[in-house]
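Trainee: Hi, could you walk me through this one? I'm new to reading structures.

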Amino acid sequence: MLFRSVMSKKIGKITNYWNQAKEKIQIGELEEARTILDKCLLVLALASENGVEILDNIRVDLWKDRVWLLLEEKELLLCE
């Protein structure tokens, strides 16, 4: 069920999440930004699993790099 809803709206979804996360970072809502970036990773993982190579006219691998770099740059990774 979750898979179908995430993959049914591929166009725009990853870009929307990306923009939302960047906005949250700008206003200091880092927890919310991390949650949104986690959603990005879910969309990207499902896309990769299903052989999708392009989302919103950008390679999935480039999206993955962007998300991970932003998580690291803003120190949003959870470490225990």
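This is a predicted model: local features need pLDDT of at least 70, side-chain atom pairs count only at pLDDT 80 or more; totals for chains, interfaces and linings use all residues.

Trainee: How many helices and strands does the protein chain have?

Mentor: The protein chain has four helices and two strands. Starting at the N terminus, the elements run α-α-α-β-β-α.

Trainee: And what share of the residues counts as buried?

Mentor: Of the 80 residues in the protein chain, 35% count as buried. The accessible surface of the protein chain is about 5,500 Å², and carbon and sulfur atoms make up 51% of that surface.

Trainee: Now the helix pair. At what angle do the axes of α3 and α4 cross?

Mentor: Helix α3 covers residues 30-49 and helix α4 covers residues 60-73; their axes cross at roughly 155 degrees and come within 10 Å. Angles over 145 degrees count as roughly antiparallel, so α3 and α4 are roughly antiparallel to each other.

Trainee: Is the crossing left-handed or right-handed?

Mentor: Left-handed, as α3 passes α4.

Trainee: Which residues make the contact?

Mentor: From α3, they include Leu-37, Leu-41 and Leu-44. On the α4 side, Trp-63, Val-67 and Trp-68 are among them.

Trainee: What about the classes of residue there?

Mentor: The contact of α3 with α4 has 11 nonpolar residues, one polar and two charged. Arg-34 of α3 and Lys-64 of α4 take part in the contact too.

Trainee: Back to the whole chain: what percentage of contacts join residues at least 24 apart?

Mentor: Counting contacts between residues at least 6 apart in sequence, 59% join residues at least 24 apart.

How values were computed: Residues are numbered from 1 along each chain as its sequence is written. Side-chain values use heavy atoms; hydrogens and water are left out. Axes are lines fitted to C-alpha atoms, for helices over the stretch in contact, and angles run from 0 to 180 degrees between N-to-C directions. Angles under 35 degrees count as roughly parallel, over 145 as roughly antiparallel, 65 to 115 as roughly perpendicular and the rest as oblique. A crossing is left-handed if the near helix is turned anticlockwise from the far one by less than a right angle, and right-handed if clockwise. Contact means heavy atoms within 4.5 Å. Ala, Val, Leu, Ile, Met, Phe, Trp, Tyr, Cys and Pro count as nonpolar, Asp, Glu, Lys and Arg as charged, and the others, Gly among them, as polar. Buried means under 20% relative accessible area, exposed over 50%, partly exposed in between (1.4 Å probe, protein chains only). Accessible areas come from the Shrake-Rupley method with a 1.4 Å probe; for residues, only the protein chains shown count as cover.
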